[in-house]
Amino acid sequence: MVKHIILWKLKEEYTEEQKAEIRQGIKAGLEGLAGVIPGLVSITVNADGRLASSNADVMLDSTFTDEAALKGYAVHPAHQEVANTKVRPFTETRLCLDFEV
């Protein structure tokens, strides 16, 4: 199994209300990939409930059967659609950690 963890920081140009809507869009879009991407075991987006000490706005926590499934996810058209419409236009920073479990 492979874990794929992403942290995003949203662009500062958005109001708090806009950021809340963007976070929900990211959550709905990415969690909507469950059952669509081969080898995707689980996918959860933490978009709310951040403590004041946080310096990221959104976290993706996903699990794949293996590294090949993770690579397939990265290029899958459904994932690309979400990334290009719900995530990339609104984020300024992305951190990724992939590891075997």
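Which strands does helix α1 (residues 16–31) lie across? The answer is β1, β2 and β3 (58–64), and α1 runs at about 170° to β2. This is a predicted model, in which local features need pLDDT of at least 70, side-chain atom pairs count only at pLDDT 80 or more, and totals for chains, interfaces and linings use all residues. Residues are numbered from 1 along each chain as its sequence is written, and side-chain values use heavy atoms, with hydrogens and water left out.

**View 1. An open sheet of four strands.** The strand order is β2-β3-β1-β4, with antiparallel pairing. Strands (E, at least two residues) and helices (H or I, at least four) are DSSP runs, numbered from the N terminus. Two strands pair if DSSP finds at least two bridges between them. β2 (40–46) and β4 (91–100) are the edge strands; each has a single partner strand, so one side of each lacks a neighbour in the sheet. From one strand to the next, the twist averages 15°. Axes are lines fitted to C-alpha atoms, for helices over the stretch in contact, and angles run from 0 to 180 degrees between N-to-C directions.

**View 2. Strand β1 beside β4.** Nine bridges join β1 (residues 2–10) to antiparallel β4. Ile5 has Leu97 of β4 as its bridge partner.

**View 3. Helix α1 against α3.** The two axes come within 10 Å and cross at roughly 180°. That makes α1 roughly antiparallel to α3 (angles over 145 degrees; under 35 is roughly parallel, 65 to 115 roughly perpendicular, the rest oblique). Gly25, Ile26, Gly29 and Leu30 of α1 meet His79, Val82, Lys86 and Val87 of α3. Contact means heavy atoms within 4.5 Å.

**View 4. Helix α2 against α3.** Here the axes come within 5 Å and cross at roughly 55°. That makes α2 oblique to α3. Tyr73, Ala74 and Val75 in α2 meet Pro77, His79 and Gln80 in α3.

**View 5. The largest pocket and its lining.** Its lining has 16 residues; His4, Ile6, His79, Arg88 and Arg94 lie nearest the centre. A pocket is an open set of points on a 1 Å grid over the protein atoms alone, where a 1.4 Å probe fits, with protein on both sides within 12 Å along at least five of seven lines; lining residues have an atom within 4 Å of a point. β1, α2 (67–75), α3 (77–87) and β4 each supply at least two lining residues. α3 gives the most, with four.
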